[in-house]
Structure formats: structure tokens, C-alpha cells
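This report goes through one protein model, part by part. Please keep the sequence and the structure in view while reading.

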Amino acid sequence: MEDSWHQLSPKTGFVVRLADRLTEQSWQTLSQLYQPVIGPLAAGAFSGLFWLPQRDHLHRHAVLLATLGVDLAHFYEARIRLEATGLLTTTVTQASDLTTFTYTLHAPLLPAAFFNDDLLSVQLLDAVGEDFYRELVAQNTPATATDAGQDITKTFLDVFQVVGGELKQLPAAVTASRQHLPVSSAAPQLGTPATDFDWQLLGQILEHSYVDANALQAHRQLFLTEHATYGIDEPTMARFIGEATNLATNQFDAEQFKRLIAQQFGQQHRGQTVKTAAPASAAAPAAGAANQAEQALIQVATATPPVNFLQAIKKQTGGFITDGEQRIVRDLVGRQLFPTSVLNLMIYHVLVDEDRPTLNKNLLDTIANDWSKAGIQTPAQAIAKIRDRQKAAQQPKTRRAGGRRNGGTPTVRETLPDWAKKPTTANPTPTGKPAQYTAQQKQELAERIARFKQRREGKEES
């Protein structure tokens, strides 16, 4: 579906719908578990939409922007984070040149469901660290009752009298009304894009270990998440699975699996060196098809995970990956806006073309928004976009005071002060002849010289 970013403006209308009832637990989960993942702005946008007066009426985005104190770009960034985590569903309708968005808010998952979700739990672990993650799990997990008393709880049929025939054949009013009910009111399912992960290879590697490969089928989504976030290959994935499997019980511990990966990639990445193309501009001019340097760069960018690609550039330039840069790259991957090859070219452009020592989040967000709006999805499109950006940067800046020519094209016009326009009396005229003075000018000049001599003589006598 076409991205709706270009349809947004302060005058664009929207309405808010509620898919679920929000409880006190919902707001606590949003603050404690979701906010570290989506950020405070996205959490504030969720609250702003919920508490908007008469939210089911048509509003302009200008009202929401004023309430949140942000611009459209920051609101859009917050909105897609809410969408990605299942808290918001966005639909757009257009009738008679009038565009209207419908924002449907979904209640946050219960804590147990949140921690059992591979995507959300991994992102939370990356955001808060292992120690605080354990505290959150402990705080949001109800304590198990230790009193093993006799259960005397009554069942429904123990209390209520129901005619047996009504259960065998439900009344028509019940069956008819069920046909009009929605299938499910649960929040949208989170997902990962298509991946080239080789499940067959992973299975073959695990066949030669003590790990029960069949028991791992329930964790396929978790493995896909780790592969997309960290770029883990099949042999490395098998190693982590083996380390997270209990030798005595042969049970796979998903939480231990997440912690092992977070511990390794939370520090400076020390993987094998990746050979990249020579650090020349990704937007070097080429006639027709991309030249050999561009082809080599595209090939490496397509085959290399973002963290390894970043590490290779850093090592080639004598730098190192900072913790902040790892978070920036992980955030870019988590947005699922671009293929890996396009993300790598974005990194290459900032570090090599722009000659920046480190990745800057604001700059990358600006580029990502621009590329998303332009629909960049291939390396060739990315390189073409980089060329356009560099050409625009190389254009001479014009002054507002300048005039316009050729049908409105601005031209540079320098405004010089009077002293720069006329030659001074101490300089020769443009023809090379001495300047001609009037009698009055000569007299004034003689008086100034005389006063200067008098002051000088007075100083010498003193």
C-alpha cells in the first residue's frame, strides 16, 4: 500500500476510534513496557489521541500537533511506531478531494502477553538492559499462590440452571447475533518482512547436536526477529540455540536465548571484517548503468547485515562503533521501511559521502523520511536519490535581495556600500592618472596636514 506520509498536512482531517476498552492496567503497561520501545513521543501521541475532546468527530491535524507540541514529521514518526507495535491502526479515505484519516486505538497487551511476544520483548530488552528487564518481568508477573488448599470454587452449572436442550441447539437469537460480531477485536498482529533465512540449513546443523529441532517450531518467529535485528546467520543462530538449551532437560529457554544475543551485540561488535568497496562517493557520476565501483558497493550492501556493514566502514576509516550507533541501526531495521541494501547505502552515504565521524540520528531520520516519501526500495533508486541530494547541495545559494531573470530564476546580485563603489582620494583613478582635486579639497587637505604636524611637534616637545 502506498505510504500515506505525502497525504498529511495540518489541514488534513482525522477521527479517532477505540477498538478496546482501556483500563488502569492498560495505561501502566503503556508507560512501563511500551514506552521504552516506542519512545515518549509515541506514548504521548497515543494519550493525545485518546484524550482528545470529542475524538469521534472530525478534527484537523493542526489541533493534534498543537496539543502534542510537535511538527508533522515527528508526529508521523510517532504514528508509525504505534502502528508497528499494534497500538494503532490507520486507514485513509478520500472522497471529493477530501482526505480523512481514521486512527483506531488498540489496548496494550497484558504484561504476560507482552513478555511472550518475541518482537516486543526483544526490543524492550535492548532498550532497558537485562537487569531492568528482569525487574519489569517480576513486577508485572502475579505472584504464584503458595497455599495448596482444597479448591472449592463453584462452576457455572453449579450455580445457574440451564436447560440441556438449549446447549445442544442454541437459540436462534444467539446464533443470528454471532454472525454480525467481528472475528476478533485483538490488536493487529506484529510481523517481520520476508527473509532469506535458510531454515533447512539450520535444521541440518541442529541434527548433529542434542537440540530437538522439532521442539523449536514454536519459536520460529523469535529466530526471524533476531535474524532481522542483528543479522545472525544460520550457524551462529544454531550456536545460540545450543547455549540456551538445558543439557539435563533438553528444554529451550527463549529468555536465555534473548539475553545471550543482547549481551554479545550490546558491546562493540567484533565480527569478521567485511570487505567493502573503496571509500569513494556512492553518488559518483557514471554514464548509463552504474559503474563497477557502484556495482561492487551494491553487491556488498545487499549481502551484508547493517551492523557488520557499519563495522567494516568504521574499521576502514580507523573508527569504532558506539553504543548509540548500534541503537540507531537497530531502530532503522526495526522500522521495516527499507531493505537491508538500502539501509546500508544510507549508512554509507552519511559516513563516506558526507564524511561524518558518527551516525547522527536526526540526519538519518531526515533522510529516511525523505526516502520513504520518495518510495526508495532498491539500491539503484537509493544511489539516484543520493545524486539528487548532492546536486541540490552543490547549487549556489541565492540572495533574497537579488533580482530574477529568465522567467523567475533567481540571480545573485551583490549590493556594495558607497565607499566600495567610488575610488578614494588616496588611490589612483581607474585610468591610472592621479586624482584631480578642487581648490577647496586642496585647502582642506593642507589644513589636516598642518594640524597633524602640530600635534606631532607638541608630543615631541613634551
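Which residues does Tyr 103 touch, not counting residues up to four places away in sequence? With contact meaning heavy atoms within 4.5 Å, they are Leu 8, Phe 14, Val 15, Val 16, Arg 17, Leu 49, His 61, Phe 75, Arg 79, Leu 88, Thr 89 and Thr 90.

The model is predicted: local features need pLDDT of at least 70, side-chain atom pairs count only at pLDDT 80 or more, and totals for chains, interfaces and linings use all residues. Residues are numbered from 1 along each chain as its sequence is written, and side-chain values use heavy atoms, with hydrogens and water left out.

## The sheet

Helices (H or I, at least four residues) and strands (E, at least two) are DSSP runs, numbered from the N terminus. Two strands pair if DSSP finds at least two bridges between them. Four strands form an open sheet with mixed pairing, in the order β2-β1-β4-β3. The edges are β2 (59–60) and β3 (88–95); each has a single partner strand, so one side of each is left without a neighbour in the sheet.

Two bridges join β1 (residues 13–18) to β2 in the antiparallel sense, and Gly 13 stands opposite Arg 60 in β2. Helix α4 (residues 72–84) packs on the sheet and touches β3 and β4 (98–105). The direction of α4 makes about 120° with that of β3 (axes are lines fitted to C-alpha atoms, for helices over the stretch in contact, and angles run from 0 to 180 degrees between N-to-C directions).

The pairing of β3 and β4 is also antiparallel, over eight bridges. Here Thr 90 faces Tyr 103 in β4, standing opposite this residue. The hairpin of β3 and β4 has two residues between the strands, and Ser 96 takes a positive phi near 55° there.

## Nonpolar cores

A nonpolar core is a set of buried Ala, Val, Leu, Ile, Met, Phe, Trp, Tyr and Cys residues joined through side-chain atoms within 4.5 Å. Buried means under 20% relative accessible area, exposed over 50%, and partly exposed in between (1.4 Å probe, protein chains only). The largest core has 37 residues, and those with the most contacts inside it are Phe 14, Ile 38, Leu 49, Leu 82, Tyr 103 and Leu 124. Another core, of 33 residues, lies apart from it; Val 300, Leu 310, Phe 338 and Leu 345 are among its members.

## Aromatic rings

Rings of Phe, Tyr and Trp (its six-membered ring) pair if their centres lie within 6.5 Å; planes under 30 degrees apart count as stacked, over 60 as edge-to-face and the rest as tilted. The count comes to 14 aromatic pairs. One of them is the stacked pair of Trp 27 and Trp 51, at 6.0 Å centre to centre with 20° between the planes. Trp 27 is in helix α1 (residues 24–38), and Trp 51 is in the loop between α2 (40–50) and β2, 24 residues apart. Trp 27 is partly exposed at 23%, while Trp 51 is exposed at 59%.

Phe 101 and Tyr 103 are stacked because their ring centres are 6.0 Å apart and their planes are at 25°. Phe 101 is buried, at 0% relative accessibility, and Tyr 103 is buried, at 0% as well. Ring pairs link Phe 14, Phe 75, Phe 101 and Tyr 103 into a cluster.
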